[in-house]
Amino acid sequence: MDVCGVTSQIMELKTSTPYVTRHEEIKTGFKNINDYSKYLQEKYPEMNTGTKNKYGVPVTVTVSSAFLEKCNKDPQKAAFLEENLAVTNECVKRSVAFTKNMPGSPVMTFMTIEYDSNGEITMTSACTNDPDGKIARENAKRKADEARVAHNKNEKRRLKKKKEKEAEEKQKLEKLQNRTLEMQEYIGMGTDLRAITENIFGSNGKTSFDLKV
């Protein structure tokens, strides 16, 4: 069939079941890749970026513009692309089943499937056993509590060491002062006691001596 440049033919495609094929109408020859991409998106809703499939997993399927160009011109490449797009949900189903059998029964959070310019496919997915973040919040709270306890212990230890050091310094100072007083001698000689006193202790106008001759 040839309508406005678009051609279609029935082609045999592989399925997700080994050795089982199916026949599918493959269209190519669209005026531009935007029209071709729109046709594929209508036929394979998984190509709508970020939509959740029936298994509740957000799936994003992207096909490079360069590969879309090749597929739009080559029915064999177009058949290859549609063959893979058709089993997207089956692949998600198997991935979800696999993750559920893992320890902790994690939940798949997303899947991306990318076709590069040569049709090479890269699948990326992630799963978690804490989809609502409850475990993460509990772990964060526990770590915060542990950090607070450790900080308080360190602070008490620091204050204790500070007090011990201050007491040690005070004791050293007292010993030094006592030793200084024990060793200090004041000697003065002369015939005027006031002059002797001022000579030793300085003249600051505050002497308490009031000697009479």
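The model is predicted, so to speak of local features a pLDDT of at least 70 is needed, side-chain atom pairs count only at pLDDT 80 or more, and totals for chains, interfaces and linings use all residues. Residues are numbered from 1 along each chain as its sequence is written, and side-chain values use heavy atoms, with hydrogens and water left out.

Start by selecting T88 in helix 4 (residues 88-100); helices are DSSP runs of H or I, at least four residues, numbered from the N terminus. T88 is buried, at 3% relative accessible area (buried is under 20%, exposed over 50%, partly exposed in between, with a 1.4 Å probe and protein chains only). Beyond its neighbours within four places in sequence, T88 contacts E46, V59, V61 and I113, where contact means heavy atoms within 4.5 Å.

Next, turn to the salt bridges, 6 by count (a side-chain nitrogen of Lys or Arg within 4 Å of a carboxyl oxygen of Asp or Glu). Select K43 and E82, whose bridge is 2.7 Å from N to O. K43 lies in helix 1 (residues 33-43) and E82 in helix 3 (residues 75-85), so the pair ties together parts 39 residues apart in sequence. K43 is partly exposed at 27%, while E82 is buried at 0%.

Finally, move to helix 5 (residues 134-183), where E155 and R158 sit 3 residues apart, about one helical turn. Their side chains form a salt bridge of 2.6 Å, N to O.

Terms used:
Helix = DSSP H or I, 4+ residues; strand = E, 2+ residues; numbered from the N terminus.
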